[in-house]
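Please keep the coordinates open while reading.

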Amino acid sequence: MKRRSVLFTLLLAGAFGLCVGPFYWLAMAATQKNSDVFSWPPKLLPGGHLMENLQGLQDSIGLTRVLFNTVLVAGVQTAGAVVVSVLAGYAFAKFEFRGRNLFFVLLLSTLVLPDTVMLIPIFEMMMKLGLIDSYQSVILPGLVTPFGIFLMRQALRSMPDELLDAARVDGAGELRVLWRIVIPVNRPVIAALALFVFLGGWNQFVWPLIALRSPDMYTLPVATATLQGLATTNYAQVLLAAAIAAIPVMALFLVLQRQFISGLLAGATKE
Amino acid sequence: MSLAPSEPAPATAAPAGRGTTDRPGRTRPDRRRLLTRTSVPYLLIMPAVLGFAIFKAYPIVASLWISLTTGNGAGRHFTGLDNYQRLLNDPLFWTALKNTALILVVQVPLMLGLALLVALGLDSTKVWLRPLWRLGVFVPSLTGLVAAGVMFSVILNRDAGLLNWVLSLFGIDRVNWLGSPFWARVGVVLVITWHYTGYNAVIYLAGLQGIPQELYEAAKVDGAGPVRRFVSLTLPQLRPILLLTVVLSTIGTLQLFDEPYVLTGGGPDNATLTVTMYLYNNGFKYFDFGYASALAYALALIVAVLGFLQVRLMGERK
């Protein structure tokens, strides 16, 4: 009995090391001189060149501007997608209306289609509207997330009808019911959804890569990718950019992890 | 301000009215119910419908049309199935499809197998520090593909990468990750596996914790050993979740783009060129929208067929 627990614990500790180890190395590498990134053996202690690398990133990609772009895009996308998802999820969960099932199935079926199918028409649409290389071009397509609507529908369905009806009998209008009951009661799932959408927006790459043209508009992943693979690439800076992309979302996750995981699982395990 | 004096009047009437909610109440809820049944849900889904129409439905239909045309802008003209014909005779498309399939066949079972193993560990009450391990294995899935790709392009470096250094501690010679066609594919598989194993493990964990404990008690009473319990009890109980993860991972891997884009650029010698990368090259490097759309539809068809087969094979048995 005792032996199995040691074996399993060691196995998990190994998995933990494989998963987290690269981040430790990344954090250390981001503080090295460029010439020390590829030293053998690898540097596994802090290098003291963090400020210099930050300055380098500021000069090469305009780090502050790029961070501003990324937060703006991900933030607006999150706010919009959460509103759309909560409203639609509420309708799907608690109302009968014509076309409900048809629309729901259509919505979910787009989850299965590769996103790439939609890239070219959306690109042409943005060209025609003159929106290429604008924040709108990146934000707008992300506002409708079938996953988010699905998640909210699942969560709101388990809310007792009596709760809503009681509020209605007390004279609350539909907006008031939504604002005063539905949203407060489901705050944890909504937070999970918000974090999920924010992560997606923060990390999104292919579409911003296509839609954004000028370095001033780049988001962090796009700017990072453009830094890489050049003959003159400063790898300490590239790795610092990767660390900046990775570490804040981890901190956010640490704070909200319980809600986040249970929110994801709500989507995954309820049929 | 002018309304203020009038307010006390209804207020004094209210206590009386509250006792007899019946009368005004009967008509008002009716009116509200009318509002509920008809307009409210439509108003609620309006933003979703609009967004869906513009950014999902229209692009899906439009790209089918574009896949039947050649040329861009004003020069676009209908060419029927020419793009699909070209696709069938395009060796690079087959290379990309073969690479994607290879990565899929190796990566999805490897990752899901590991995820199940990790989930079993996380589910075992005999393991110490479970919350810490759970957190750690989940963390990679939060990382964006670009950050992960950049990080691993250095970790997998032949001469000074972290991985080769760790391997050297075990006396293993330097591996030319990313430099040779074979190892580049292995490298891509490793990175995706690193990225998503924990995410799937956490999903499995939820599934495992949903299996009623009595079933295990009963199986023990019947004399079933651990292996038997796993095969005859755990796996069947997990089937819906296994199916979900198999389908989602298959879709994800078939659309593989970011990792090879950042890690290998599709090379060496096109060994890690994936269908989506080839699509991207055609669409946004050569601006051949017609052909790129045909590639997208071919991929969608493959996804649909594979998804259908998986559901048929693994779905509920009646």
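Is B:Asp269 buried or exposed? B:Asp269 is exposed, with 11 other C-beta atoms within 10 Å. The cut-offs are as follows: a residue is buried if 20 or more other C-beta atoms lie within 10 Å of its own, exposed if 12 or fewer, and partly exposed in between, with C-beta atoms placed from the backbone.

**Basis of the model**

This is a predicted model, in which local features need pLDDT of at least 70 and side-chain atom pairs count only at pLDDT 80 or more, while totals for chains, interfaces and linings use all residues. Residues are numbered from 1 along each chain as its sequence is written, and chains are lettered from A and ligands numbered from 1 in the order in which they are written.

The complex has an ipTM of 0.84 and a pTM of 0.82 from the predictor. Chain B has a mean pLDDT of 82, where pLDDT is the predictor's confidence in each residue, from 0 to 100. In chain B, 87% of the residues reach 70 or more. Among the elements of chain B, helix α5 (residues 91-123) has the highest mean pLDDT, 92. Helix α1 (residues 8-19) has the lowest, 39. Over residues 1-31 of chain B, pLDDT stays under 50. The model has 3 contacts beyond four places in sequence for that stretch. Where pLDDT is low, the predicted coordinates should not be read in detail.

**The two chains**

Helices (H or I, at least four residues) and strands (E, at least two) are DSSP runs, numbered from the N terminus. Two residues are in contact if their C-beta atoms, placed from the backbone, lie within 7 Å.

The C-alpha trace of chain A spans about 70 × 65 × 35 Å along its principal axes. In chain A, 74% of the contacts with a separation of 6 or more join residues 24 or more positions apart. For chain B, 69% of the contacts between residues at least 6 apart in sequence join residues at least 24 apart.

**Where the chains meet**

Chain B gives 82 residues to the contact, and chain A gives 78 residues. On the side of chain B that touches chain A, helix α3 (residues 39-66) of chain B supplies the largest share, 18 residues. That side of chain B holds 57 nonpolar, 19 polar and 6 charged residues. Here Ala, Val, Leu, Ile, Met, Phe, Trp, Tyr, Cys and Pro count as nonpolar, Asp, Glu, Lys and Arg as charged, and the others, Gly among them, as polar.

Helix α6 (residues 116-128) of chain A crosses α3(B) at roughly 90°, and their axes come within 8 Å. The two helices are therefore roughly perpendicular to each other; that term covers angles of 65 to 115 degrees. Axes are lines fitted to C-alpha atoms, for helices over the stretch in contact, and angles run from 0 to 180 degrees between N-to-C directions. Residues of α6(A) in this contact include A:Val117 and A:Ile120. Those of α3(B) include B:Phe55, B:Lys56 and B:Ser63. By class, the contact of α6(A) with α3(B) has 11 nonpolar, 1 polar and 1 charged residues.

**Inside chain B**

Chain B is divided into domain 1 (23-84) and domain 2 (90-314), with bounds from an automatic or database domain assignment. The domain centres, taken over C-alpha atoms, are 34 Å apart. Their contact takes 9 residues from domain 1 and 8 residues from domain 2. On the domain 1 side, α3(B) gives the largest share, 3 residues. That side has 3 nonpolar, 6 polar and no charged residues.

Helix α5 and helix α13 (residues 275-285) of chain B pack at about 145°, with axes 8 Å apart. B:Leu92, B:Phe93, B:Ala96, B:Leu97 and B:Thr100 in α5(B) meet B:Val275, B:Met277 and B:Tyr278 in α13(B). This contact has 7 nonpolar, 1 polar and no charged residues.

**Single residues**

B:Asp269 lies in the loop between α12 (258-263) and α13 of chain B. B:Asp269 is not a glycine, yet its phi is positive, about 55°. B:Leu129, also not a glycine, has a positive phi of about 60°. B:Leu129 sits in the loop between α5 and α6 (130-138) of chain B and is exposed, with 12 other C-beta atoms within 10 Å.

Methods: Angles under 35 degrees count as roughly parallel, over 145 as roughly antiparallel, 65 to 115 as roughly perpendicular and the rest as oblique.
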